[in-house]
Amino acid sequence: MTATVTHRRRIRICVRGVVQGVGFRPFVYTRAAAHAMTGSVRNDSSGAIIEVEGDATNVDEFLADLTDRAPPLAVIESVETQDLPVVGGTGFVIADTSRSDGGRTLASPDVAMCADCAAEQSDPADRRYRHAFVNCTNCGPRFTIIASLPYDRANTTMADFGMCADCAREYHDPADRRFHAQPVCCPNCGPTLSYRTGDGITAGESALHRARLLLRGGGILAVKGIGGYHLACDAGNEDAVAELRHRKRRGDKPFAVMVPDLSTAHGIADIDDASGRLLSGTQRPIVLVPRHGAAPLADSIAPHNHDLGVMLAYAPLHALLFGLPGDETGPSVLVMTSGNLGGEPICFSDDDALKRLIHLADGWLMHDREILVPCDDSVVRVVDGMELPIRRSRGYSPLPVALPMSVPPSLAVGGDLKNTFAVADQKYAWLSQHIGDMDDLATLAAFDSAERHLERLTGVGPQTIVADSHPGYRSTAWAHRNAGGRPVHSVQHHHAHIASVMAEHGLDGARRVLGFAFDGTGYGPDGAIWGGEMLLADYKGYQRLAQLKYVPLAGGDVSVLRPYRMALSHLWAAGLSWDDGLPSVRACPDDERRILLHQLETGLGCAPTSSMGRLFDAVASLAGVRQTVAYEAQAAIELEGMSRDFDSGTTSYAFAVDMGRTPAVIDPAPVLAAVVSDVDAGVGPGVIGARFHRAVAALVVELAAAVTSGRHTVALSGGVFQNALLLRQVSRALREKGFEVITHRLVPPNDGGLALGQLLVGNSG
Ligand SMILES: [Zn+2]
Ligand SMILES: [Zn+2]
C-alpha cells in the first residue's frame with residue numbers, strides 16, 4: 001500500500017450561460033459541501049463566479065459535477081478555471097452580488113410551478129397551503145419580474161416584500177430548497193390576492209371564492225397571470241364563450257383553453273407523447289392538438305377548427321382557480337385568452353387592466369406582485385414528434401439562440417406581423433417575447449419598451465440595425481427613426497426566412513441551401529408581393545430560382561379578407577370561367593364581380609403576387625371551405641383540418657413548371673382546372689384539400705430535384721409551413737429522395753422568426 005498524497009488546491013471558476021435564477025448558486029453550494037470544500041459563489045452580470053478550495057481530487061470531481069449535475073433549468077455555455085494561491089478558511093459563502101462589469105448576461109425565462117411546490121400548495125399541514133405565490137429555486141416568475149441583472153431580489157418586483165422570519169430562514173438555509181430563491185414568500189409575507197368588481201374589493205380566500213363563483217355562473221374573469229392578464233370563462237358554457245368572443249371583438253379566431261392537469265387534457269383532445277411532454281413541461285406553452293369531436297366544450301371556442309389550443313395551469317394561482325381537493329367544484333376547462341381587445345397588446349399593469357378591460361370583464365382577480373415585462377403565452381404544435389414553434393414567448397424568452405457565426409452588437413426589428421425583434425452580440429441572439437402586429441400605437445409603444453428592456457437585460461448596445469426591405473413596414477420606419485446615425489441594413493423578407501432556419505440549424509453559410517419560402521406576403525425587390533419562392537441562398541445573398549406565377553391581387557387587404565376574390569383572380573389568370581356553380585363565384589356579389597373583372601383586365605389597383613398563402617386561400621374558397629376570413633390564414637387552417645382525414649390514398653393535382661425561364665415559373669392553372677372539375681363532380685372539400693396539399697408537396701420535390709445537380713440541403717420556412725400536414729408531406733417526400741431537410745424547431749416559420757434571419761443576413765453584406 002502506498003500512502004495517497006493529497007494536496008490542496010484553490011481555483012476560481014467562471015461559469016457562463018443561463019445560471020441565474022435557476023438555483024445554480026445553491027447547487028454549487030451543495031456540491032462544494034459534498035466535496036468538503038470551502039469557498040464562495042456569487043453571480044455577476046456575466047454568469048456565476050465560484051472560488052473553491054479543497055483536496056485536489058475533490059476539486060476535479062466538483063468541476064465534473066458542475067456540468068454533469070447542473071440544475072435542470074441551467075444552460076452552461078462555458079466553464080473557465082484559473083488557479084489561485086490557497087488561503088485556507090472554513091465554510092462556503094453565497095456572496096451577495098453588487099458588482100456589475102458590463103459582461104454577458106443570460107437571464108432565465110419564467111418557469112411553471114414545480115411538483116414540489118404544487119404538493120406544498122395542496123398540503124393542509126404545510127405553511128404554504130393554498131398559497132397563490134408558492135415558488136422555489138426550480139420554479140416561479142423570472143423574466144417578467146426582473147428589472148435588471150444580476151438576478152437578485154432587489155432587482156425584481158419582489159423587492160418591496162420583506163421576508164418574514166420563516167422565509168428568511170429558508171432563504172438562508174443551504175439545506176432548504178428555497179435557499180436563495182429570489183421570489184420566495186409565504187402567506188405571511190408575500191403578495192396578496194384581491195377580487196374587484198364595480199361593487200368593491202375582497203381579499204385573500206374570499207377573493208378566490210368570488211372569482212370561482214363568477215366563472216361558475218358564466219361570467220368573464222380578468223385574472224392576473226405571470227406575463228399579463230388573461231380573460232377567463234367556463235369553456236363548457238356556450239353563452240359565456242360567445243359573450244367573451246363578442247366583447248373581445250374576436251371574430252372566429254380560436255381561443256386557447258386551460259386545464260388543471262394532463263388527464264383533463266386527454267379528455268378533450270388527442271394528445272400524443274410529445275404533446276403531453278410539452279404540455280406538462282417547465283415552459284407550459286399552448287399546444288395545438290386535434291380536438292375530440294365529443295369534447296364537452298362550447299362550439300364557439302374554436303369555430304370550424306379541427307384543433308384546440310390547450311395549456312396546463314402553470315401559475316400557483318391557476319391551480320387555486322381550478323380548486324384544490326375539497327373546494328367547491330367549478331369549470332374543469334377554462335377559456336384563457338390574452339387580456340386585451342382584439343389586436344391590442346396584453347394588459348399587464350393593474351391600472352391598465354382595470355381601465356382597458358372594463359367592458360370585457362365582470363370581475364378582476366388581481367394581486368400586488370407587479371409584472372414588469374409583459375409576456376404572452378407561447379404556442380407550439382407537434383409535427384412528426386418534433387416541436388414546431390408558432391409563437392415563442394413566455395417560458396422561452398429571453399433564452400438565447402446560439403448563432404453559427406459571430407456578429408457585432410446588432411438589433412433586428414423583425415416584421416410587421418406577429419412581431420418579434422432580436423438583439424445579438426458575438427454568437428448569441430436574444431429574441432424578444434411576442435410583440436404583436438405593428439398596426440397601432442399601443443403595439444409600437446410595446447415594441448419601444450420591450451426593445452429598451454432587452455438591451456438593458458442583455459447589455460447589448462446595438463451598433464447596427466437590420467430591418468425588412470418593405471418600404472411601408474412600421475418596423476422598418478422604426479429602425480430608420482431610431483437609427484441615430486447607425487447603419488440600417490435592409491433584408492428581403494423571404495431571404496430572412498430561409499436564413500432563420502439555417503441559423504437555427506447552425507449552418508455557417510459556407511454552402512448555399514435550397515430554400516422554399518412559402519407565406520402570405522413579403523416585399524420583393526421588383527415591387528411585387530412575393531410568397532411562393534424557391535431561393536438558392538446563403539447569408540450573403542440569394543438567387544430566385546423559381547416563383548409561383550404572378551396573379552393580380554386586386555385591392556390589397558380586401559382580397560386577403562375575402563378569399564373568393566383570390567379564387568376569382570386565380571381563375572381569371574388561369575383562363576377559367578367564373579361559373580355560377582362555383583362557391584367562390586356565388587359568394588361574390590354582382591357589383592363586386594363586375595368591378596373586380598374591370599380591375600383584373602385593366603390592372604387598376606392590382607399588385608402582382610406570387611403568394612402561396614393566397615393560393616391556399618383561393619383553393620379553400622373554390623372548395624367551398626370559406627369565403628371570408630376573420631383572422632390571418634383562417635381559410636388555409638380550415639382547409640388543412642378538413643384535408644387530414646383524406647391524406648392517404650387520394651390522387652394529387654399537378655402544377656405546371658416552366659423551367660425554361662429565369663426564375664422558373666410555377667403555373668397553378670392545371671391545379672385550378674382540376675379543382676374546378678372536382679367541384680363540378682361533387683367531390684368534397686376534404687378530398688380537394690388533400691389533393692392540393694399533395695400537389696404542393698410534389699411540386700417542392702420536383703423543383704428540388706430539377707435544379708440541384710449536386711446535393712443541397714433543403715430549408716423550409718414561411719408561415720405556410722405552420723401547416724402540419726404540408727410540412728410533414730414535404731419533409732417526408734424530400735427525405736425519401738435523399739435530401740437533407742431543415743425545418744424550424746426554435747423559432748416560428750412565420751414572421752415571428754424573421755428577426756433571427758435578419759441578424760445573419762444583415763451582418764453578412
Ligand atoms: Zn417549485
Ligand atoms: Zn414568509
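The legends below describe several close-up views of a predicted model. Because this is a predicted model, local features are given only at pLDDT of at least 70 and side-chain atom pairs only at pLDDT 80 or more, while totals for chains, interfaces and linings use all residues. Residues are numbered from 1 along each chain as its sequence is written, chains are lettered from A and ligands numbered from 1 in the order in which they are written, and side-chain values use heavy atoms, with hydrogens and water left out.

**View 1. The largest cavity and its lining.** A search of the whole structure finds seven cavities of 30 Å³ or more, a cavity being a set of points, on a 1 Å grid over the protein atoms alone, where a 1.4 Å probe fits but cannot get out. The largest has a volume of about 90 Å³, where volume is the space filled by probe spheres set on the points, which are joined across faces, edges and corners. Its lining, made of residues with an atom within 4 Å of a point, counts 16 residues, and Gly21, Val22, Gly23, Tyr151 and His180 lie nearest the centre. Helix H1 (residues 24-34) gives the largest share of this lining, three residues; helices (H or I, at least four residues) and strands (E, at least two) are DSSP runs numbered from the N terminus. By type, the lining divides into seven nonpolar, seven polar and two charged residues, with Ala, Val, Leu, Ile, Met, Phe, Trp, Tyr, Cys and Pro taken as nonpolar, Asp, Glu, Lys and Arg as charged, and the others, Gly among them, as polar.

**View 2. Helix H20 (residues 669-680) and its packing.** The 12 residues of H20 should span 16 Å at 1.5 Å a residue, and the end C-alpha atoms are 16 Å apart, which agrees; the expected span is 1.5 Å times one less than the number of residues. Buried residues, meaning those under 20% relative accessible area with a 1.4 Å probe and protein chains only, are in this helix Ala669, Val671, Leu672, Val675, Val676, Asp678 and Val679. They pack, through contacts of heavy atoms within 4.5 Å, against helices H15 (563-573), H16 (583-587), H18 (612-622) and H21 (685-707) and strand S27 (664-667). After H20 comes Gly682, with a positive phi near 80 degrees.

**View 3. Phe655 in the largest nonpolar core.** A nonpolar core is a set of buried Ala, Val, Leu, Ile, Met, Phe, Trp, Tyr and Cys residues joined through side-chain atoms within 4.5 Å. Of the 106 residues in the largest one, Phe516, Phe655, Phe692 and Leu734 touch the most other members, and H21 supplies its largest share, 10 residues. Not counting residues up to four places away in sequence, Phe655 touches, among others, Leu548, Leu615, Val671, Phe692 and Leu699.

**View 4. Phe255 in a loop.** Phe255, in the loop between helix H6 (238-248) and strand S10 (256-259), counts as buried at 1% relative accessibility. Beyond four places in sequence, the residues that Phe255 touches include Val241, Leu244, Ile301 and Val335.

**View 5. Two cis peptide bonds.** Most peptide bonds are trans. The bond from Ser397 to Pro398 is cis, with omega near 5 degrees, and Pro398 lies in the loop between strands S16 (386-391) and S17 (400-412). The bond from Thr662 to Pro663 is also cis, with omega near -10 degrees, and Pro663 is found in the loop between strand S26 (656-658) and S27.

Technical notes. On a 1 Å grid over the protein atoms alone, a cavity is a set of points where a 1.4 Å probe fits but cannot get out, and a pocket is an open set with protein on both sides within 12 Å along at least five of seven lines; lining residues have an atom within 4 Å of a point. Buried means under 20% relative accessible area, exposed over 50%, partly exposed in between (1.4 Å probe, protein chains only).
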